[in-house]
Amino acid sequence: MILTIAGNTLGALLSRRRALLMAVLAAVPALVALLARAYGEPGDVVQQTAGLLEASVLTALLPLVALVFGTAALGAELEDGSAIHLLTKPVPRWRVVAGKALAAAPLTGLLVGGATLVTGLILGGDRGAAGLTLAYTLAAAVGGVVYVLLFIALSVLTGRALIVGLIYVAVWEGTLAGLFEGTRVLSIRQYLLGLIAAIDPHWVAGTGAPLAPGVAAAGAVLVAAGSFLVAVQALERHQVSAGD
Amino acid sequence: MSGAAGGLGRGPADGPGRGATVGAAGDSIYDLGYRGYQGVRLGRAHAVASLVRQSFRQSWGMGRPGRAKIVPFGLAAIATVPAVVALGISALAKQLGAADMIEAASPIRYETYYPVIGQVVFLFAAAQAPELLARDQRHRVLALFFSRAIRREDYAAAKLLALGAAMLAFLLFPLAVIFVGRALLAADVVAGVAADAGAVPAIVGEALLTAWLLAAMSLAIASFTPRRAYATAAIFAVVVIPAATVGVLSELAPGQVVGAVSLFSPGDVLDGANAFVFGHAQAGPPSASMPSLAYVGSALAMIVVSTAVLVARFLRIEP
């Protein structure tokens, strides 16, 4: 049953203009890498690649793609009321959430991971940044799962999950992270950077010490598992609305 | 339809009668009392003004349940926090007798305020522009609008005016807080106001430019989809992706390429225009110094294109 839900959701997510727009979005970092390759100044290629992947993929592309797929997987159905067809079937709610996540998370991981791989290889693949690119690709895949689960939970809790998610990404992980270093303990981006730093500390370009590997891993698992439970809980109590 | 002779009673003389008139052949036609409107017709201008007022309220979630107000007012609160913090620090420093030192070191001044709250302003536009347009398309209300005195271009203009006004309020409120706060902090209130009065044209000018640019751009994007979520994501992406690109490129490939790319990034354009109105000749990403006037030109070009797209979209839209 999980697989059936996942299959249907996958079809819905890939339909129409959205998939095309997401692909265009995913192509931007690679384009930047090409520009940087063409006009770039000589320097530490590993640092440059790390900086590019962190700023364009982990900070902008990954949360945005996960946000769109995560909230569209379940939230769109809940909003327009057609979720009632799914919710009135004798399927445990945890399977519904699992099915939705099983469609959105791999899709996000595949798209963003692919973008990371291409971008990193263009900029530094032949200049010693291939290992780093692989690490960032893995981090993007892990991040896809965590972000998607979080945003699925959000989309069950509120009808405006997308804007709430954007506020989290832009204000909490963006502006506040620069001012209050403590917020990094509650930031998925920092978990991913911590995981990458666990492989090789030189692969993280940003300022400030990355999280310890244990904290990063535990944080990622806790957010993913917590979001899943919250989503199931909220879906069990969800009142089907007639749309807005 | 009106086969029966003398059947249909129309006009004031007949009164609002709901009775049946018996025709020649014995069959009857029911007079339902429909009557024409004889009152004053308020016309196109009034209709547009009403739509502007209604849309302005919509963009703040007024007239809707509390849930709809959380996002706009929450964002406005976030945008005001730096102003309150800056005032608090100034007041504290004055008590400690270190006012001049703090004043010079403070990162929150009139000049730096828009860049500081930039992200929140983009979020407001991304969140509220679809609120103004999506429902009318989704629930097929546009046909009703267009069948009345309002023309298609009026609808687009009214929505632009409403969101622009809402964003202007959003942008000016925190700076008004600082302005009033600083005036009250000064020992001589009149002198305090006079000292800051010189910054007012720049503050208002940048707010106007920002409000018009972001309102036109986000409405133009939002007009292409009846789904609010997609519109929100698209508006945010159009601002954030170019900004991230410029940020990365300015480190990797300093020079004229970054400068040229930054002219197409709304966030960087507004920062550059902000530098211009506050009297800096140079602006742009740190590695590529550009004349700040170029950003004002780019902002105006973006305004023209966005407004044109918005109007053109509603001229062709299938209601």
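Mentor: Let us begin with helix α9 (residues 228-252) of chain B: at 1.5 Å a residue its 25 residues should span 36 Å, and its end C-alpha atoms are 36 Å apart, which agrees. The expected span is 1.5 Å times one less than the number of residues. A helix is a DSSP run of H or I of at least four residues, a strand a run of E of at least two, and both are numbered from the N terminus. This is a predicted model, where local features need pLDDT of at least 70 and side-chain atom pairs count only at pLDDT 80 or more, while totals for chains, interfaces and linings use all residues. Residues are numbered from 1 along each chain as its sequence is written, and chains are lettered from A and ligands numbered from 1 in the order in which they are written.

Trainee: Where does α9(B) bend?

Mentor: At B:Ala237, by about 30°. The bend is the angle between axes fitted to the seven residues ending there and the seven starting there.

Trainee: What makes α9(B) largely enclosed by the rest of the structure?

Mentor: A residue is buried if 20 or more other C-beta atoms, placed from the backbone, lie within 10 Å of its own; it is exposed if 12 or fewer do, and partly exposed in between. In α9(B), 24 of the 25 residues are buried, so the helix is largely enclosed. For chain A, buried residues make up 52% of the 244 residues.

Trainee: How many helices and strands does chain A have?

Mentor: Nine helices and zero strands.

Trainee: Why is chain A called as compact as a globular protein of its length?

Mentor: The globule rule is 2.2 Å times the number of residues to the power 0.38, and the radius of gyration is taken over C-alpha atoms. For 244 residues the rule gives 18 Å, and the radius of gyration of chain A is 18 Å, so chain A is as compact as a globular protein of that length.

Trainee: How many residues of chain A are in contact with chain B?

Mentor: 31, in contact with 27 residues of chain B; two residues are in contact if their C-beta atoms, placed from the backbone, lie within 7 Å. The largest share of that side of chain A, 12 residues, comes from α3(A).

Trainee: How confident is the predictor in chain B?

Mentor: pLDDT is the predictor's confidence in each residue, from 0 to 100. Chain B has a mean pLDDT of 85, and 89% of its residues reach 70 or more. Over residues 1-18 of chain B the pLDDT is below 50. Where pLDDT is low, the predicted coordinates should not be read in detail.
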